[in-house]
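Visitor: I am new to this structure and would like to learn how to read a helix and a sheet in it. Could you take me through them slowly?

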Amino acid sequence: MQHKLKIIPLGGVGEIGKNMTVIEYGNDILIIDCGLIFPDEEMPGIDAVIPDMTYLEQNKDRIRGMCITHGHEDHIGAIPYAMERFRCPIYGTRFTNALIRHKLNEHHLNDVEVNDVDPGQAVDLGCFRIEFIKTGHSIAGAVAFAIRTPIGTLIHTGDFKIDLTPIDGEPIDINRFAYYGSKGVLALLSDSTNVERAGFTQSEKEIGKTFEQCFSRALGRVIVATFASNVYRIQQVADVAIAHGRVICFQGRSMEQVVRYAQELGYLHIPTDKIVRVEHLKNLPDSMVCVMTTGSQGEPMSGLFRMANSTHKLNVGAGDAVIISASAIPGNERGVSRVINALYEKGVDVVYDRMADVHVSGHACAGELKLMLSIIKPKYFIPVHGEARHLRMHAGLAMELGIAPERTFIAHNGAVIELTARKGQMTETVQAGSLMVDGLDQIEDAVLRDRKTLSEDGLVSAIIVLDAETGRLLAPVEIYSRGFIYMRDNEPLITEASTLVYETAKRFEESDKGEYASVKNAVKSRLKSFLYDKTGRTPMILPIVIEV
């Protein structure tokens with residue numbers, strides 16, 4: 001009996017980030033990407049949000065390998081968490097794998113098999129043959145995949161744009177996509193991130209003119225903040241800086257790491273005598289200095305943020321020019337605005353994307369997406385890597401090009417898309433969703449709700465001291481407030497609350513120890529109602545019973 005090919009997104013549809021797709025046929029499973037999302041302000045204390053991998057844990061004996069399109073966090077950030085749950089070989093390009101190996105080392109996962117694959121090469125994993133195809137993106141080593149299966153070929157574009165004049169001189173391999181299009185493609189999974197923009201994405205080389213203008217008029221130091229992973233942007237800035245007689249100083253842990261890997265692998269070409277450490281800058285005139293740093297998204301611990309707030313060994317001030325060479329990721333606008341304002345307050349000349357062309361996207365606009373659809377001519381189309389509106393708009397482009405609505409699947413995380421040579425359908429759903437990570441631990445929704453309550457309304461604890469043998473109250477109840485009210489200014493309220501809790505607990509003096517849960521529940525209920533009546537707020541109530 002013919003097996004059905006299953007495509008199961010576990011992340012990356014209906015959202016930006018957390019990209020992870022499962023390809024399944026018979027007894028073989030292939031994983032494409034394994035990314036995360038960084039938490040927003042509604043997730044206090046959370047370090048990362050990763051896909052729910054329960055389905056893969058349940059089927060780990062069938063996993064043949066994991067192929068990675070490129071090294072951005074939303075495509076590789078969850079790999080260490082995946083490798084702690086199940087093991088499988090990983091395949092990526094050299095630069096992508098350098099970033100992956102670093103992540104695995106940080107998690108003490110040094111025995112994971114990581115394999116380097118060059119664009120143009122193919123690997124066999126179970127019944128799948130995966131060819132790596134060169135694409136263009138805002139990071140080195142980005143690829144798409146042509147996945148040959150027993151019933152047809154899938155194309156997964158990864159994140160891409162069609163840049164015919166890339167910094168590295170190696171444009172996207174359109175010919176290879178056209179080859180597969182001419183042979184027949186069963187299904188296309190394509191990046192939808194930038195579908196709202198018409199036309200074509202600017203070439204990375206276009207912003208070189210803006211850098212040239214900025215450096216030409218700068219009299220003091222020039223500080224450029226950009227994504228650490230954007231090696232092509234770093235190369236452009238370095239070339240312009242050196243042409244204007246400046247040396248380069250890299251700041252920010254991730255920036256320094258990426259530069260080191262990129263130089264070792266031949267993706268960055270900066271003369272070593274033009275790179276200096278921060279402590280040597282004091283010996284140079286400001287007109288000879290260019291600093292490249294992290295912090296284009298206003299991250300609180302980044303280099304640019306600390307420079308703007310005078311907590312960095314290289315602080316900025318009047319005479320300096322700062323170029324923020326990135327656009328704010330949705331959700332980061334407030335943080336970016338704070339940094340820009342802090343820089344202006346210090347008299348810094350700031351250039352950012354609303355003022356000049358200092359950033360171009362790494363994602364294809366509508367024109368490029370249409371071109372990719374026209375070249376591939378897939379039988380079925382699955383838009384990925386986007387929120388609901390992006391997926392629907394991308395599906396609309398496919399329909400404009402003649403792909404019937406019933407052959408287009410707008411999926412949700414966990415949806416199972418079943419394809420055969422004759423038909424396709426969306427069938428059952430597997431467990432999927434988001435897992436929140438704090439340090440090395442997975443955080444449940446209940447814990448996050450408690451953190452939000454604490455951040456919004458604070459905590460009130462009631463200390464109840466009982467005799468271990470008789471269960472009698474041995475002392476007045478002590479009330480403590482953290483983040484709710486200032487106790488010194490609210491002594492009458494504290495006294496009244498203490499009396500209320502004492503009277504509530506006293507009713508249980510003759511109870512067995514097994515009734516202590518009832519004591520706590522009664523105290524929580526009465527104290528919550530009392531505080532709400534008095535203040536209109538409901539802090540977290542924490543009764544603590546101590547036996548002596």
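Guide: Let us begin with a term: a residue is buried when its relative accessible area is under 20%, exposed when over 50%, and partly exposed in between, using a 1.4 Å probe and protein chains only. This is a predicted model, in which local features need pLDDT of at least 70 and side-chain atom pairs count only at pLDDT 80 or more, while totals for chains, interfaces and linings use all residues. Residues are numbered from 1 along each chain as its sequence is written, and side-chain values use heavy atoms, with hydrogens and water left out.

Visitor: Which residues of α7 are buried?

Guide: Helices (H or I, at least four residues) and strands (E, at least two) are DSSP runs, numbered from the N terminus. In α7 the buried residues are V231, Y232, R233, I234, Q235, Q236, V237, A238, V240 and A241, so that 10 of the 13 residues in this mostly covered helix are buried.

Visitor: What do the buried residues of α7 pack against?

Guide: Contact means heavy atoms within 4.5 Å. The buried residues of α7 pack against several elements, including α4 (94–106), α6 (208–217) and β15 (289–293).

Visitor: What is the strand order in the open sheet of 8 strands?

Guide: Strands of a sheet pair through backbone hydrogen bonds, either parallel or antiparallel; two strands count as paired if DSSP finds at least two bridges between them. Here the order is β7-β6-β5-β3-β2-β1-β19-β20, with mixed pairing. β7 (114–116) and β20 (424–429) stand at the edges with a single partner strand each, so one side of each is left without a neighbour in the sheet.

Visitor: In which sense do β3 and β5 pair?

Guide: Strand β3 (residues 28–32) pairs with strand β5 (residues 63–67) in the parallel sense over 4 bridges, and I29 has I63 in β5 as its bridge partner.
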